[in-house]
Amino acid sequence: MTQQLRVGSAVTGSAGEAFAALFRLLKLARPDRPIHPRGLGLAGELTRTGNPSGPSGIDWLDSPGTDQVVARFSRSVGLPQALPDILGLALRISPSGDAGLGAAPDAVLGAAPTAGLGAAAGANPADVLFASTGWRLPGRFLLMPRLDVAGATLTTLMPYRGRRGPVLLGLRTRNLPPGSLASGEWELGLFWAKPGGPWRECGELRLHAGTDPGDIPLRFDPLGNQPPGARTYGWARRLRKPSYRAARRPAPPAVVRPKEP
């Protein structure tokens, strides 16, 4: 067993370093954000219904409540809108038991500061990242390019570790605003599932753009900011941490583009 764990650690560690090397290469062309280069800032509420009939084992997910959310929707590769791309939705969630962020979402969409959004408000935010994948097995563990969010399903791709084992989170669009996401309210259903089990609906997410729709400079940290009662598996951390570190590392001076006046 010990030997298997060592082999598994070596494999995931090597894969993580390979992803990091790719990110460092991408930063030569995109010094600021190597992936998800352009996005749309959103804000809204996440309503959790709880799971009384079958708890997931994650305290936050199993407790009913309403959380304030700041989000960023983006296309991973940054391809033109007419081409399929891997869609991403990053959420910064303020659990309802915390003071902070409650009055912040709309203000954040037009704010310049990036660091310490949660710290400045005295809250402990949770950052949860979703990407377009399949919904059934094995598609829920495979990134899938989509043209738009109308028929897309989004999952965390990698499960969280709860008291009852691994838990995967998912989102499905219920209603879209007319035109673009910036023109009204985007309504999604929140689900959870065991890696090989059925999806169970456990909440609703409603998002809207600010009065001046545009990107936000917020940086998300899913490894450092996790939902209450959730943990990251060691193998998932080894896969993700090197690339996150590479993406946030300042680009070499030779490739940093001068800012426009």
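Colleague: Is L83 buried, partly exposed or exposed?

Modeller: Note that this is a predicted model. L83 is in the loop between β2 (65-75) and β3 (87-94). Buried means under 20% relative accessible area and exposed means over 50%. The value for L83 is 42%, so L83 is partly exposed.

Colleague: Which residues make the nonpolar surface patch that includes L83?

Modeller: A residue needs over 30% relative accessible area to be part of a patch, and L83 has 42%. The patch covers about 220 Å², and its residues are V77, L79 and L83.

Colleague: How many aromatic pairs does a search of the whole structure find?

Modeller: Two rings pair if their centres lie within 6.5 Å. With the whole structure searched, the number of aromatic pairs is 4.

Colleague: Are the rings of W135 and W199 stacked or edge-to-face?

Modeller: Planes under 30 degrees apart count as stacked, and those over 60 as edge-to-face. The ring centres of W135 and W199 are 4.1 Å apart and the planes are at 15°, so the pair is stacked.

Colleague: How many residues apart are W135 and W199?

Modeller: W135 is in the loop between β4 (126-133) and β5 (153-155). W199 is in the loop between β8 (185-193) and β9 (200-208). The pair links distant parts of the chain, and the two are 64 residues apart.

Colleague: Is W199 buried or exposed?

Modeller: The cut-off for buried is under 20% relative accessible area. W135, at 14%, is buried. W199 has 16% relative accessibility, so W199 also counts as buried.

Colleague: Which residue lies over the face of W135?

Modeller: Ring pairs link W135 with F191 and W199 into a cluster. Over the face of W135, at 5.0 Å from the ring centre, lies R172.

Colleague: What are the relative accessibilities of Y233 and W235?

Modeller: The rings of Y233 and W235 have centres 6.3 Å apart and planes at 25°, so this pair is stacked. Y233 counts as buried, whereas W235 counts as partly exposed. The value for Y233 is 17%, and for W235 it is 34%.

Colleague: At what distance does the side chain of Q226 reach the backbone nitrogen of T232?

Modeller: Q226 lies in the loop between β9 and β10 (231-232). A polar atom of the Q226 side chain is 3.0 Å from the backbone oxygen of L223. The side chain of Q226 reaches the backbone nitrogen of T232 at 2.8 Å.

Notes:
Residues are numbered from 1 along each chain as its sequence is written. This is a predicted model: local features need pLDDT of at least 70, side-chain atom pairs count only at pLDDT 80 or more; totals for chains, interfaces and linings use all residues. Side-chain values use heavy atoms; hydrogens and water are left out. Rings of Phe, Tyr and Trp (its six-membered ring) pair if their centres lie within 6.5 Å; planes under 30 degrees apart count as stacked, over 60 as edge-to-face and the rest as tilted. Helices (H or I, at least four residues) and strands (E, at least two) are DSSP runs, numbered from the N terminus. Buried means under 20% relative accessible area, exposed over 50%, partly exposed in between (1.4 Å probe, protein chains only). A charge sits over a ring if NZ of Lys or CZ of Arg is within 6 Å of the ring centre and within 35 degrees of the ring normal. Patches are made of residues with over 30% relative accessible area and no salt bridge: like charges are joined within 9 Å, nonpolar side chains (Val, Leu, Ile, Met, Phe, Trp, Tyr) within 5 Å. Accessible areas come from the Shrake-Rupley method with a 1.4 Å probe; for residues, only the protein chains shown count as cover. A salt bridge is a side-chain nitrogen of Lys or Arg within 4 Å of a carboxyl oxygen of Asp or Glu. A polar contact is a pair of N or O atoms within 3.5 Å; within protein, one must be able to donate a hydrogen and the other to accept it, and residues adjacent in sequence count only if both atoms are side-chain atoms.
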